[in-house]
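Thanks for making time this morning.

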Amino acid sequence: MAGVLLWVISPKENATALLSLIPRSSGKQKRCRLCPGALKFSTGVSAFSCAVANPARSSEEKVYEVVLKQAALVKQQRQNEALDLNTTAETATDGMTDWDLLNEAYDRCGEVCAEYAKTFYLGTLLMTPERRKAVWAIYVWCRRTDELVDGPNASHITPRALDRWEKRLDDLFQGRPYDMLDAALSDTVSKYPVDIQPFKDMIEGMRLDLRKSRYNNFDELYLYCYYVAGTVGLMSVPVMGIAPESKASTESVYNAALALGIANQLTNILRDVGEE
């Protein structure tokens with residue numbers, strides 16, 4: 001059982017008051033050996049302990065675990081940059097050795113990006129060709145995922161359809177793409193330290209769209225914003241990279257990307273409220 005052990009050290013005269021703050025159940029319960037317990041010292045000071053089982057975690061704490069995992073992948077890549085690039089090139093095209101087809105897949109991703117995200121597309125033209133193509137592939141996957149619940153066929157989408165889409169995601173991360181657009185992303189994730197979790201979390205956001213339309217507090221809303229927008233920042237940082245001369249920690253860069261995504265989603269929500 002997970003839990004937290006809380007120790008309070010206090011003069012004897014204050015001990016009774018402190019113990020009165022510990023919540024008690026009105027029903028009959030077995031006494032826990034850890035809650036409350038007491039140790040007495042000859043100096044007139046008592047120490048009391050209380051075990052709190054399964055402390056609730058906030059949405060920010062849950063998301064931060066994903067941030068740390070992504071940051072660790074990028075750190076590992078930066079440490080391995082001296083590895084033989086020929087080996088990387090061989091493994092990156094596993095399952096698709098025809099470079100013409102792969103380039104065609106990336107070109108198609110670029111066309112989709114140019115058509116539906118004109119301003120964003122112009123920004124990608126400032127990147128190096130390899131990074132530009134990788135960002136296009138990520139954008140197209142995110143767009144296709146969003147279209148499942150917000151596109152012309154959204155009324156026919158079921159949770160089972162999202163389960164199939166997630167299985168398809170697992171396959172492309174294993175080098176088994178279903179179509180041309182999947183092939184571009186499959187190649188991208190083989191070249192950059194991109195973890196699958198943010199992609200899975202975005203699908204989870206689509207599941208929420210199917211069953212939930214109201215959020216009781218900001219903690220719930222924060223998690224939703226992470227699922228549908230903050231994830232994009234975590235997907236993109238490994239591709240865009242961190243300048244070698246940067247003094248910022250990898251975790252802080254990821255946190256900034258996460259915050260930007262969440263802020264964008266909150267802005268979208270406020271804009272929609274104004275329109276509706």
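Let me start with a question: which residues does Lys200 touch, not counting residues up to four places away in sequence? Taking contact to mean heavy atoms within 4.5 Å, Lys200 touches Glu166, Leu169 and Asp170. Lys200 is found in helix H9, and its side chain makes a polar contact with the side chain of Asp170, at 2.9 Å. By a polar contact I mean a pair of N or O atoms within 3.5 Å, where, within protein, one must be able to donate a hydrogen and the other to accept it, and where residues adjacent in sequence count only if both atoms are side-chain atoms.

Before going on, a word on where these values come from. This is a predicted model, in which local features need pLDDT of at least 70 and side-chain atom pairs count only at pLDDT 80 or more, while totals for chains, interfaces and linings use all residues. Residues are numbered from 1 along each chain as its sequence is written, and side-chain values use heavy atoms, with hydrogens and water left out.

Now the overall layout. The protein has eleven helices and three strands, where helices (H or I, at least four residues) and strands (E, at least two) are DSSP runs, numbered from the N terminus. Read from the N terminus on, the elements run β-α-β-β-α-α-α-α-α-α-α-α-α-α. Of the 276 residues, 38% count as buried, and buried here means under 20% relative accessible area, with exposed meaning over 50% and partly exposed in between, using a 1.4 Å probe and protein chains only. Among contacts between residues at least 6 apart in sequence, 72% join residues at least 24 apart.

The buried residues of H7, among them Trp165, Glu166 and Leu169, pack against H6, H8 and H9. Just after H7, Gly175 takes a positive phi of about 85 degrees.

The next helix to consider is H8. Its twelve residues, 180-191, should span 16 Å at 1.5 Å a residue, and the end C-alpha atoms are 17 Å apart, which agrees.

The largest nonpolar core has 56 residues, of which Trp141, Leu185, Tyr226 and Leu258 touch the most other members; a nonpolar core is a set of buried Ala, Val, Leu, Ile, Met, Phe, Trp, Tyr and Cys residues joined through side-chain atoms within 4.5 Å. Several helices, including H2, H4, H6 and H7, each supply at least two residues of this core, and the largest share, twelve residues, comes from H10. Tyr226 touches, among others, Val63, Val66, Pro198, Thr231 and Leu258, again not counting residues up to four places away in sequence.

Thr231, which is found in helix H10, counts as buried at 0% relative accessibility. With the same exclusion of residues up to four places away in sequence, Thr231 touches Pro198, Asp201, Met202 and Tyr226. Thr231 and Val66 are 165 residues apart in sequence and 9.5 Å apart in space, C-alpha to C-alpha.

Beyond H10, Ile242 lies in the loop between H10 and H11 and is buried, with a relative accessible area of 16%. By contrast, Leu68, in helix H2, is partly exposed at 36%.

I will finish with the cysteines. A search of the whole structure finds zero disulfides, a disulfide being a pair of cysteine sulfur atoms within 2.5 Å. Cys113 is in no disulfide, and the nearest cysteine sulfur, that of Cys109, is 9.1 Å away. Cys113 counts as buried at 0% relative accessibility, and Cys225 is buried as well, with a relative accessible area of 0%.

Terms used: The expected span of a helix is 1.5 Å times one less than its number of residues.
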